Structure formats: C-alpha cells, structure tokens
Amino acid sequence: MLIKDIETERLIIKIPEIGDRFELTQLINDKHVIKWLSDMPFPYTLSHAEEFIERSQKKAMKGETYNFMIFKEKKILGGIGLTEFKKKSCELGYWLGKRYWGNGFATEAVKSILDFGFDQLNLEEIYASYKIGNEGSKRVLMKCGFQFYREKKEFDSVLLEEESLIEMIKKDESIKQT
C-alpha cells in the first residue's frame, strides 16, 4: 500500500526515510523520553534507527504496520504508529522529543492517525496504553476520545522490571455499537 504523507494544520506525518536516522537517534536518546516507552533500547544507536527505518518502510509497503515520523517545518518532533493488527483493531503508539512536550503536537498527531486508521484502514477499534505516571500521555488520549479499557502489567526490557500500564480504547464513531 502506497502511503501518502498525512498533513495537519502544523504537522507532516510520514514514513521515515534513511536520512532521518541522525535526527531520530539524537531526539529519542533521552532518558526522559525512553522511560515512558515500551521495549525501546537505550542507548538508542544509529544502527537501531537504521533497522527501525528499514523495517518501517517494508512493513508499511506490505500493510502490516504503519510507523511514521512527526515533522514540523522539516524537523522531527517524534514518532507515531499503528501496530499489532488483529481483525479490525490495532495498537497506537507515539512519542515526542522532550523539548516538544506541552504544545499540543501529540494530540494533533494522534487525531490525524485516528482518522487514517478509521477512514483509510477501515479499523473499528484502536487501543493505546500509557505507563502509570505519564499524565501527559493520559491527557492526549482523553482529548482524543479514548476511554479506559483495563489496567495491565508489562515487562519493561529497558528498566528490567514489570510496570503497570493503563490500556485505553477508541472505537470508530461512525459504526453503531451494539
């Protein structure tokens, strides 16, 4: 599936390219960012970025997962993606570099990816999780219409400990729920 760039009022969301690897590595290699992500290596190296970009391009072409970079004026702000597809549902994940927190960029990006998932991929449900304590991510999901689904435990391979997460769900509002 050929994926066009997604444009919002302030952002361009697109599949990563190999030229993004330096900026991606620099932006995500921050303990303040990594601590809220699941299964993200730290330190994050150029070869991690190159593998991620290559894998993202291949999987997007096959329609298996959609990992995007979030840009504003040609600068990477973070990443967002739809993964773990099962029937008509999938998981949403996103992150921003610390210097971009608190500006509404995550909310804007999530809303556009929800539209992509429901309108272009014909999904019926999208799940997202945040680690307990990540109030910023909780606010983003609430603003985007997600509702509490369940609390779950997950092993964090970076921190090497089990953590509690809140899983939330957003259903396609155009489908009648029974």
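Which residues have the most contacts inside the largest nonpolar core? In this predicted model, local features require pLDDT of at least 70 and side-chain atom pairs count only at pLDDT 80 or more, whereas totals for chains, interfaces and linings use all residues. Residues are numbered from 1 along each chain as its sequence is written, and side-chain values rest on heavy atoms, with hydrogens and water left out.

The largest nonpolar core has 51 residues, and those with the most contacts inside it are Phe68, Ile80, Leu92, Val110, Ile126 and Phe146. Helix H4 (residues 105-120) gives the most to this core, contributing eight residues. A nonpolar core is here a set of buried Ala, Val, Leu, Ile, Met, Phe, Trp, Tyr and Cys residues joined through side-chain atoms within 4.5 Å. Buried denotes under 20% relative accessible area, exposed over 50%, and partly exposed the range in between (1.4 Å probe, protein chains only). Helices (H or I, at least four residues) and strands (E, at least two) are DSSP runs numbered from the N terminus. When neighbours within four places in sequence are left aside, isoleucine 126 is in contact (heavy atoms within 4.5 Å) with residues including Leu82, Leu92, Leu114, Phe118, Phe146 and Met168.

Helix H3 (residues 46-62) comprises 17 residues and reaches 25 Å from its first C-alpha to its last, close to the 24 Å expected at 1.5 Å a residue; the expected span is 1.5 Å times one less than the number of residues. In H3, the residues Ala49, Phe52, Ile53, Ser56 and Ala60 are buried. They lie on the same side of H3 because they cover an arc of only 100 degrees around the axis, the arc being that of the directions from the helix axis to the C-beta atoms. An α-helix has 3.6 residues a turn, so residues three or four places apart point the same way. Helix H1 (21-28) and strand S3 (66-72) are among the elements covering the buried residues of H3. The face turned away from the buried side of H3 carries the exposed residues Lys58, Met61 and Lys62. Just after H3, glycine 63 adopts a positive phi of about 75 degrees.

Four aromatic pairs are present in the structure. Rings of Phe, Tyr and Trp (its six-membered ring) pair if their centres lie within 6.5 Å; planes under 30 degrees apart count as stacked, over 60 as edge-to-face and the rest as tilted. The rings of tyrosine 66 and phenylalanine 116 have centres 5.4 Å apart and planes at 80 degrees, so this pair is edge-to-face. Tyrosine 66 in strand S3 and phenylalanine 116 in helix H4 are 50 residues apart, and their pair thus links distant parts of the chain. Tyrosine 66 and phenylalanine 116 are buried. Phenylalanine 68 and phenylalanine 116 also form an edge-to-face pair, with ring centres 5.7 Å apart and planes at 90 degrees. One aromatic cluster is formed by Tyr66, Phe68, Phe85 and Phe116.

Several backbone features occur in loops. The peptide bond from phenylalanine 42 to proline 43 is cis, with omega near 0 degrees, and proline 43 is placed in the loop between helix H2 (31-34) and H3. Lysine 74, in the loop between S3 and strand S4 (75-86), has a positive phi of about 65 degrees although it is not a glycine. With a relative accessible area of 79%, lysine 74 is exposed. Lysine 87, likewise not a glycine, has a positive phi of about 50 degrees and lies in the loop between S4 and S5. Its relative accessible area of 88% makes lysine 87 exposed.
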